[in-house]
Amino acid sequence: MADSPTAPHPDLLALRHQIDGVDRELLALLNRRAGLALKVGELKKQEGSVVFRPEREAQVIDGLKAANPGPLRSESVAPIWREIMSACRALETPTRVAYLGPAGTFSEEAALGFFGSSIVKVPCANFDEVLHNTVAGSADFGVVPVENSTEGVVTRSLDLFLTTPLFIIGETSLLVRHNLLRRENSLEGITAVCAHPQALAQCHGWLSLHLPHAERRPVASNAEGARLAAADASIAAIASERAGSEFGLHVVSPAIQDEAHNRTRFAILAHPDRHPRPAASGHDCTSLVVSVANRPGAVHDMLVPLKKHDVSMTRFESRPARSGQWEYYFYIDLQGHPDQPHVAAAMQELRAVCAFFKLLGTYPIDVH
Ligand SMILES: O=C(O)C(=O)C[C@]1(C(=O)O)C=C[C@@H](O)C=C1
């Protein structure tokens, strides 16, 4: 039953009074924490070391999740402390993050989810520009999508990894819900649907069923599609709810992606000259790209060191080397950190059997 505006229940008033008291205590504690982070920041400045430590943040969250007595849900712990640490980090130094813009993209959501909202946003026109800004130093970190659970790898990102001097220092994954957005709250009269090619592909089944005659028009980002839909009532966009409110559009149909559990995984990149490789956190992933000679058994030989040293492979992806010789690059994720002797030994032996070997990064596994 709805609250009566005139006579709130006396117990409700008493409970709210207690909540106000707890909030004041929390605020005092958060400020005490912020004061300590400021001191850490001073120390780091003296030592000339970097502020953002993904492995430390992962350990803080892991530790709190393990210690959480409830009733606060365990999955609430990570987002709350990510925001707290984001605010503390911002007191130490600004964190400039490049991602595929404009406002309202899933890349922006991934950047905010990973770094928290106390960041300086550097929205970019495409993935190449994200990497360029991060290499040039106009951003401290770059965020790019790597793979989607429905559509597979984001090929442009993997191809860029091959040559970039940047290093992967973190990962984050996002549940991607696509919505059909439009100025009018109806499906009538839609002549074109504008979205990023990945989003169009992830909603292929729904579009064929509900808008079979509408043109599917690929654009640079979903937010760009939303911008076009805001300017023309005959255009619909596929984008997040956030993009919808950003551009004043109706959610005509929510969650139109063909897979209910459609997730996209993003890599967080930094320049190794300005950011050290994250130390081992205890739950780490190491990403490599390798190639082997085009001869029988070469791929098998590549896997032998991993089996020998008991290193799990969590991902194995191939991309054509574009040599015209049916040669491939293999993108491999290993469980563990090169500071662990068995991982180091496996990597050393793997390197010896590879024609090409590049360490893409080592980073804490995403914690939810
Ligand atoms: O422990 C540190 O190194 C800090 O700077 C503090 C803190 C935090 O708020 O807990 C903030 C930023 C770092 O990324 C890690 C942790």
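This is a predicted model: local features need pLDDT of at least 70, side-chain atom pairs count only at pLDDT 80 or more; totals for chains, interfaces and linings use all residues.
I call two residues in contact if their C-beta atoms, placed from the backbone, lie within 7 Å.

I number residues from 1 along each chain as its sequence is written.

**Val219.** I started here. Val219 sits in the loop between β8 (215-218) and α9; helices (H or I, at least four residues) and strands (E, at least two) are DSSP runs, numbered from the N terminus. Skipping neighbours within four places in sequence, I find Val219 in contact with Cys194, Ala195, His196, Glu224, Gly225 and Leu228. It counts as partly exposed because it has 18 C-beta neighbours inside 10 Å. My cut-offs: buried means 20 or more other C-beta atoms within 10 Å of the residue's own, exposed means 12 or fewer, and partly exposed is in between, with C-beta atoms placed from the backbone. I also checked Val219 against Ser118: they are 101 residues apart in sequence and 29 Å apart in space, C-alpha to C-alpha.

**Helix α9.** Next I looked at the helix itself, residues 222-231. The buried ones are Asn222, Ala223, Glu224, Gly225, Ala226, Arg227 and Ala229. What covers them? I noted α4 (106-115), β6 (179-182), β7 (192-195), α7 (197-202), β9 (235-239) and α10 (241-246) among the elements that do.

**Ile84.** This one lies in helix α3 (residues 74-92). With 17 C-beta neighbours inside 10 Å, Ile84 comes out as partly exposed. Its C-alpha is 9.6 Å from that of Ser117, which is 33 residues away along the chain.

**Strand pairing.** I count strands as paired if DSSP finds at least two bridges between them. Strands β1 (residues 96-100) and β2 (residues 120-124) run parallel, joined by 5 bridges, and Leu100 stands opposite Cys124. The path from β1 through α4 to β2 is a right-handed β-α-β crossover, i.e. it runs clockwise from the first strand over the helix to the second with the strands pointing away from the viewer.

Then β11 (residues 263-270): 6 of its 8 residues are buried, so it is largely enclosed by the rest of the structure. β3 (residues 141-148) runs antiparallel to β11 over 6 bridges, with Pro145 opposite Phe266. β5 (residues 167-175) is also antiparallel to β11, over 8 bridges, and there Leu174 partners Thr264.

**Cores.** A nonpolar core here is a set of buried Ala, Val, Leu, Ile, Met, Phe, Trp, Tyr and Cys residues joined through C-beta atoms within 7 Å. The largest has 47 residues, and Val97, Val130, Val143, Ile268 and Leu269 have the most contacts inside it. Its largest share, 6 residues, comes from α4. At least three residues come from each of domain 1 and domain 3. I also noted a second, separate core of 24 residues, including Leu200, Cys203, Ile235 and Ile238.

Methods: Domain bounds come from an automatic or database domain assignment.
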